[in-house]
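Dear colleague,

I am passing on the structure we spoke about. Please look it over alongside the notes that come after it.

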Amino acid sequence: IVLDKIDTTLVALQKFYDENLDKFGSKEYRKIQAFTFENEKKAKKIRKKIKTAISSVLLYCMSKLQIQI
């Protein structure tokens, strides 16, 4: 049997892929971060500061990209 060179290559690649599926993906993972504070009052204070900082960064980026809401 005579096959086109491209067909043979595709068949060979598919065979290699099928036999090595574990090499063509990544395992699922989850990154978890936790913060602990001395008390709830301090935690709420820090949370408020973080939300304010995030909002400021977001507004700055939007202004640089000329995005309006």
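The notes below go from the whole chain to one group of residues.

This is a predicted model, in which local features need pLDDT of at least 70 and side-chain atom pairs count only at pLDDT 80 or more, while totals for chains, interfaces and linings use all residues. Residues are numbered from 1 along each chain as its sequence is written, and side-chain values use heavy atoms, with hydrogens and water left out.

The protein chain has two helices and zero strands, where helices (H or I, at least four residues) and strands (E, at least two) are DSSP runs numbered from the N terminus. Of its 69 residues, 3% are buried, a word that here means under 20% relative accessible area, with exposed meaning over 50% and partly exposed in between (1.4 Å probe, protein chains only). The chain exposes about 7,800 Å², of which carbon and sulfur atoms supply 59%; these areas come from the Shrake-Rupley method with a 1.4 Å probe, and for residues only the protein chains shown count as cover.

Asn 20 sits in the loop between helix 1 (5–19) and helix 2 (40–64), and it counts as buried because its relative accessibility is 12%. A polar atom of the Asn 20 side chain lies 2.7 Å from the backbone oxygen of Phe 16.

Phe 16 itself belongs to helix 1 and is partly exposed, since its relative accessible area is 46%. Two aromatic pairs are counted under the rule that rings of Phe, Tyr and Trp (its six-membered ring) pair if their centres lie within 6.5 Å, with planes under 30 degrees apart taken as stacked, over 60 as edge-to-face and the rest as tilted. Phe 16 and Phe 24 form an edge-to-face pair, at 6.2 Å centre to centre and with 90 degrees between the planes. Tyr 17 and Phe 24 form a tilted pair, at 5.1 Å centre to centre and with 55 degrees between the planes. Phe 24 is partly exposed at 48% relative accessibility, as is Tyr 17 at 37%. Phe 16, Tyr 17 and Phe 24 form one aromatic cluster.

Together with Leu 21, these residues also form a nonpolar patch on the surface, with about 420 Å² of accessible area in total. Patches are made of residues with over 30% relative accessible area and no salt bridge, like charges being joined within 9 Å and nonpolar side chains (Val, Leu, Ile, Met, Phe, Trp, Tyr) within 5 Å; a salt bridge is a side-chain nitrogen of Lys or Arg within 4 Å of a carboxyl oxygen of Asp or Glu.

Technical notes
Polar contact = N/O pair within 3.5 Å; in protein donor to acceptor, adjacent residues only side chain to side chain.
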